[in-house]
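Please look over the sequence and the model shown here before reading on.

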Amino acid sequence: MTRRPAWLLAAAACATGLAVLAGFWWHGEAERERANALPLVVLATDTTLRKGNAATYPAVFEAKLPRGVEARALAERGGWVQVLLTGGAVGWVPAASLVASHGG
């Protein structure tokens, strides 16, 4: 039985670790590109973020989102727009409470 030098095992472990980190980085970049491809919208009024596309759905947060918050539009249905906030929260707001942004 031959013994491999310790440096060879350490190099293999480092290479594996670097490959895993590169995979995580690539996945993160792909997610950022996907999110940045979505239309950017801005809240024109203080608005409650809802769990569904009607005022009868519960709020995602107790407090209203303040005017000026930027989000990415995911979907639109029945006068409501599903948005993705910067922090990752997803919910619905009335389309009338949004203005489209030309930046981003």
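How many bridges join strand E3 to strand E4? Five bridges join E3 (residues 80–85) to E4 (residues 90–94), and the two strands run antiparallel. Strands here are DSSP runs of E with at least two residues, numbered from the N terminus, and two strands pair if DSSP finds at least two bridges between them.

This is a predicted model, in which local features need pLDDT of at least 70 and side-chain atom pairs count only at pLDDT 80 or more, while totals for chains, interfaces and linings use all residues. Residues are numbered from 1 along each chain as its sequence is written, and side-chain values use heavy atoms, with hydrogens and water left out.

Within the hairpin of E3 and E4, Val-83 has Gly-91 of E4 as its bridge partner, and four residues lie between the strands, with Gly-88 taking a positive phi near 105°.

| Item | Value |
|---|---|
| Gly-68, relative accessible area | 43% |
| Gly-68 to Ala-44, C-alpha separation | 6.2 Å |

Gly-68 counts as partly exposed, a term for values between buried (under 20% relative accessible area) and exposed (over 50%), with a 1.4 Å probe and protein chains only. Gly-68 and Ala-44 are 24 residues apart along the chain. Leaving aside residues up to four places away in sequence, Gly-68 touches Val-42 and Leu-43, where contact means heavy atoms within 4.5 Å.
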